[in-house]
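Colleague: Before I rely on any of the labels attached to this model, I would like to go through them with you one at a time. Please set each value against its criterion and then conclude.

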Amino acid sequence: LDPSIPLVLFNLRLDVLRGDLGLPLFPGRDLHHRFLSRFKPAFYMKNRSFATSLRKPPFLVNYSGLLYRAYPSPYQSILNVG
(Lines give C-alpha, C1' and ligand atoms only; values in the text may rest on other atoms or scores of the structure.)
Protein backbone atom coordinates (compact mmCIF):
# COMPACT_ATOMS: atom_id res chain seq x y z
CA LEU A 1 0.00 0.00 0.00
CA ASP A 2 1.13 3.50 -0.80
CA PRO A 3 1.14 5.56 2.45
CA SER A 4 0.35 8.76 0.54
CA ILE A 5 -3.04 7.42 -0.58
CA PRO A 6 -5.80 7.60 2.06
CA LEU A 7 -7.60 4.37 2.87
CA VAL A 8 -11.27 4.52 3.89
CA LEU A 9 -12.66 1.81 6.18
CA PHE A 10 -16.21 1.30 7.39
CA ASN A 11 -16.33 -0.64 10.62
CA LEU A 12 -18.54 0.60 13.42
CA ARG A 13 -16.95 -1.56 16.09
CA LEU A 14 -13.29 -1.63 15.07
CA ASP A 15 -12.25 0.00 18.36
CA VAL A 16 -13.78 -2.82 20.46
CA LEU A 17 -13.58 -5.98 18.30
CA ARG A 18 -9.97 -7.10 18.25
CA GLY A 19 -10.77 -10.26 16.31
CA ASP A 20 -11.97 -8.18 13.35
CA LEU A 21 -8.55 -7.05 12.08
CA GLY A 22 -8.48 -9.71 9.37
CA LEU A 23 -5.57 -11.61 10.93
CA PRO A 24 -5.49 -15.42 11.06
CA LEU A 25 -5.12 -15.45 14.86
CA PHE A 26 -6.72 -13.37 17.60
CA PRO A 27 -4.31 -10.42 18.02
CA GLY A 28 -2.99 -9.19 21.34
CA ARG A 29 -3.77 -5.77 22.77
CA ASP A 30 -0.39 -4.32 21.76
CA LEU A 31 -0.89 -5.22 18.07
CA HIS A 32 -4.47 -3.96 18.24
CA HIS A 33 -3.32 -0.60 19.64
CA ARG A 34 -0.48 -0.22 17.10
CA PHE A 35 -2.88 -1.00 14.26
CA LEU A 36 -5.60 1.42 15.39
CA SER A 37 -3.19 4.23 16.20
CA ARG A 38 -2.45 4.53 12.47
CA PHE A 39 -6.04 5.53 11.67
CA LYS A 40 -7.70 8.91 12.01
CA PRO A 41 -11.47 8.64 12.48
CA ALA A 42 -13.24 10.89 9.96
CA PHE A 43 -16.68 10.31 11.44
CA TYR A 44 -17.19 9.02 14.95
CA MET A 45 -20.42 8.61 16.91
CA LYS A 46 -20.54 6.48 20.05
CA ASN A 47 -23.60 6.20 22.32
CA ARG A 48 -23.01 6.09 26.05
CA SER A 49 -25.14 5.76 29.18
CA PHE A 50 -24.02 7.32 32.43
CA ALA A 51 -25.19 7.61 36.03
CA THR A 52 -24.33 10.11 38.73
CA SER A 53 -25.09 10.05 42.42
CA LEU A 54 -26.54 12.95 44.37
CA ARG A 55 -26.78 13.72 48.08
CA LYS A 56 -30.52 14.47 47.81
CA PRO A 57 -33.36 12.42 46.28
CA PRO A 58 -33.49 10.85 43.69
CA PHE A 59 -29.87 9.99 44.74
CA LEU A 60 -29.10 8.37 41.38
CA VAL A 61 -29.62 10.09 38.02
CA ASN A 62 -29.28 8.15 34.77
CA TYR A 63 -28.59 10.02 31.56
CA SER A 64 -27.28 9.24 28.10
CA GLY A 65 -25.51 10.96 25.27
CA LEU A 66 -22.92 10.44 22.62
CA LEU A 67 -19.43 11.34 21.58
CA TYR A 68 -19.49 12.80 18.07
CA ARG A 69 -16.89 13.93 15.56
CA ALA A 70 -16.96 14.80 11.87
CA TYR A 71 -13.35 15.40 10.73
CA PRO A 72 -11.75 17.97 10.85
CA SER A 73 -14.04 19.38 13.57
CA PRO A 74 -13.18 18.64 17.20
CA TYR A 75 -14.93 15.99 19.28
CA GLN A 76 -18.27 16.98 20.83
CA SER A 77 -20.19 15.57 23.78
CA ILE A 78 -23.92 15.61 23.18
CA LEU A 79 -26.29 15.06 26.11
CA ASN A 80 -29.72 13.50 25.54
CA VAL A 81 -32.23 15.71 27.37
CA GLY A 82 -35.38 14.18 25.86
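**Labels and their grounds**

Modeller: Let me begin with Tyr63, which counts as partly exposed because its relative accessibility is 34%, a value that falls between the limits of under 20% for buried and over 50% for exposed. Please keep in mind that this is a predicted model.

Colleague: What makes Tyr63 part of a patch on the surface, and which residues belong to that patch?

Modeller: The nonpolar patch is formed by Phe50, Tyr63, Leu79 and Val81, which together have about 420 Å² of accessible area. Membership asks for over 30% relative accessible area, and Tyr63 has 34%; a patch of this kind also joins nonpolar side chains within 5 Å, Tyr being among the residue types that count. As for its setting, Tyr63 belongs to strand S2, where it stands opposite Phe50, another member of the patch.

Colleague: Why is Ala51 called exposed?

Modeller: Ala51 has a relative accessible area of 51%, and the label requires over 50%, so Ala51 is called exposed. This residue is located in strand S1, which spans residues 43-53.

Colleague: With which residues is Ala51 in contact, once its neighbours within four places in sequence are left aside?

Modeller: They are Leu60, Val61, Asn62 and Tyr63, where a contact requires heavy atoms within 4.5 Å. For Asn62, which is 11 residues away from Ala51 along the chain, the separation between the two C-alpha atoms is 4.3 Å.

Colleague: How do you know that S1 and S2 pair, and in which sense do they do so?

Modeller: Pairing requires at least two bridges, and S1 has 11 bridges with strand S2, residues 60-70, so the two count as paired, in the antiparallel sense.

Colleague: What is the order of the strands in the open sheet, and why are S1 and S3 said to stand at the edges?

Modeller: The open sheet has 3 strands in the order S1-S2-S3, paired antiparallel. S1 and S3 each have a single partner strand, so one side of each has no neighbour in the sheet, and they therefore stand at the edges. From one strand to the next, the twist averages 30°.

Colleague: What does the protein chain contain beyond the details we have discussed, and what share of its residues counts as buried?

Modeller: The protein chain has 1 helix and 3 strands, which follow the pattern α-β-β-β along the sequence. Of its 82 residues, 9% count as buried, the criterion being a relative accessible area under 20%. The accessible surface of the protein chain is about 7,500 Å², and carbon and sulfur atoms account for 60% of that surface. Among contacts with a separation of 6 or more, 21% are between residues 24 or more positions apart.

Notes: Residues are numbered from 1 along each chain as its sequence is written. This is a predicted model: local features need pLDDT of at least 70, side-chain atom pairs count only at pLDDT 80 or more; totals for chains, interfaces and linings use all residues. Side-chain values use heavy atoms; hydrogens and water are left out. Helices (H or I, at least four residues) and strands (E, at least two) are DSSP runs, numbered from the N terminus. Buried means under 20% relative accessible area, exposed over 50%, partly exposed in between (1.4 Å probe, protein chains only). Patches are made of residues with over 30% relative accessible area and no salt bridge: like charges are joined within 9 Å, nonpolar side chains (Val, Leu, Ile, Met, Phe, Trp, Tyr) within 5 Å. Accessible areas come from the Shrake-Rupley method with a 1.4 Å probe; for residues, only the protein chains shown count as cover. A salt bridge is a side-chain nitrogen of Lys or Arg within 4 Å of a carboxyl oxygen of Asp or Glu. Axes are lines fitted to C-alpha atoms, for helices over the stretch in contact, and angles run from 0 to 180 degrees between N-to-C directions.
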